[in-house]
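I opened this notebook to keep track of what I looked up, one topic at a time. The entries follow the order in which I went through the model.

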Amino acid sequence: MSELKLCQGPECHQHQTKDRLKGPKDNKTYQTRRRSGFYYGNNNFCSTWCQAQWFNKFGDRAIDHFGRLTEPKHLTEQNAWQKTYDWNSNDETLYVYRNGITKEERPLTKEQYNDTSYTINTGE
Ligand SMILES: [Zn+2]
């Protein structure tokens, strides 16, 4: 069995649900949810409630740590490339980069499409 993860919600254990009540018969306590995976917050939270609690408590510090935006970003020809796909008449998947401003399309390989670090954008 794979290792279980803990929900990162700072108040997960304060939500009194049956599935959180754990421990030996005479000493049960409400505990942070533990599962093999979670659906929310990039696999870190058992619910949107726990995700929101985390953000309420740590969100400002996280934004300041990773860099708060102080100026609006601009969509330009240089950063408007988005990966997308379509199907041809033979039902084959065609992967393309489509520029949201110029509408130009450039072919992509499946590997490039799946590689999250591959980009032809030259600005943020
Ligand atoms: Zn939780």
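**Entry 1: a charged pair**

What do the side chains of Glu105 and Arg98 meet in? I looked this up first, keeping in mind that the model is a predicted one. The side chains of Glu105 and Arg98 meet in a salt bridge, with 2.6 Å from N to O.

**Entry 2**

Arg98 has Glu105, a residue of S7, as its bridge partner. Strand S6, which covers residues 93-99, runs antiparallel to S7 and is joined to it by 4 bridges.

Which order do the strands of this sheet have? The sheet is open, consists of 3 strands and has the order S5-S6-S7, with antiparallel pairing. Strand S5 (81-87) and strand S7 (105-108) are the edge strands, since each of them pairs on one side only. From one strand to the next, the twist averages 35 degrees.

**Entry 3: the other salt bridges**

How many salt bridges does a search of the whole structure find? The search finds 6 salt bridges, and I followed some of them up.

In one of them Arg35 pairs with Asp19, and their closest N and O atoms are 3.7 Å apart. Arg35 belongs to strand S4 (residues 34-35), while Asp19 is in the loop between strand S1 (5-6) and strand S2 (21-22), so this pair ties together parts that are 16 residues apart in sequence. Arg35 counts as partly exposed, at 32% relative accessibility, and Asp19 is partly exposed as well, with a relative accessible area of 34%. I also noted that a network of salt bridges links Asp19, Arg33 and Arg35.

Another salt bridge is formed by Arg68 with Asp64, where the closest N and O atoms are 2.8 Å apart. Are these two residues buried, or partly exposed? Arg68 is partly exposed, with a relative accessible area of 40%, and Asp64 is partly exposed, with a relative accessible area of 48%.

**Entry 4: aromatic rings**

I turned to the aromatic rings and found that the count comes to 8 aromatic pairs. The centres of the Tyr95 and Tyr113 rings are 4.7 Å apart and their planes stand at 45 degrees, so I recorded the pair as tilted. This pair links distant parts of the chain, because Tyr95 is in strand S6 and Tyr113 is in helix H2 (residues 110-114), 18 residues apart. Tyr95 counts as buried, at 16% relative accessibility, whereas Tyr113, at 24%, counts as partly exposed.

Tyr97 and Tyr118 form an aromatic pair that is likewise tilted, with 6.4 Å from centre to centre and 35 degrees between the planes. Here too distant parts of the chain are linked, with Tyr97 in strand S6 and Tyr118 in the segment after H2, 21 residues apart. Tyr97 is buried, with a relative accessible area of 4%, whereas Tyr118 counts as partly exposed, at 28% relative accessibility.

Which residues do ring pairs link into a cluster? I found Tyr85, Trp87, Tyr95 and Tyr113 in it.

**Entry 5: the zinc ion**

Which residues are the protein donors of the zinc ion? They are Cys7, Cys12, Cys46 and Cys50, each giving its SG atom, and they lie 2.2 to 2.3 Å from the ion. Along the sequence, the donor residues are spaced C-x4-C-x33-C-x3-C.

I looked at the angles as well: they run from 106 to 113 degrees among the 4 donor atoms, and the site is tetrahedral. For reference, the ideal angle for four tetrahedral donors is 109.5 degrees.

Methods: Residues numbered from 1 in each chain as written. Predicted model: local features only at pLDDT ≥ 70, side-chain atom pairs only at ≥ 80, totals over all residues. Heavy atoms only, no water. Donors = N, O, S within 2.8 Å, 3.2 Å for Na, K, Ca; no water. Tetrahedral: all angles 85-135°; square planar, octahedral: opposite > 155°, others 65-115°. Pairing = 2+ DSSP bridges. Axes fitted to C-alpha atoms, helices over the stretch in contact; angles between N-to-C directions. Salt bridge = Lys/Arg side-chain N within 4 Å of Asp/Glu carboxyl O. Buried < 20%, exposed > 50% of the residue type's maximum accessible area, 1.4 Å probe, protein only. Phe/Tyr/Trp six-rings, centres within 6.5 Å; stacked < 30°, edge-to-face > 60°.
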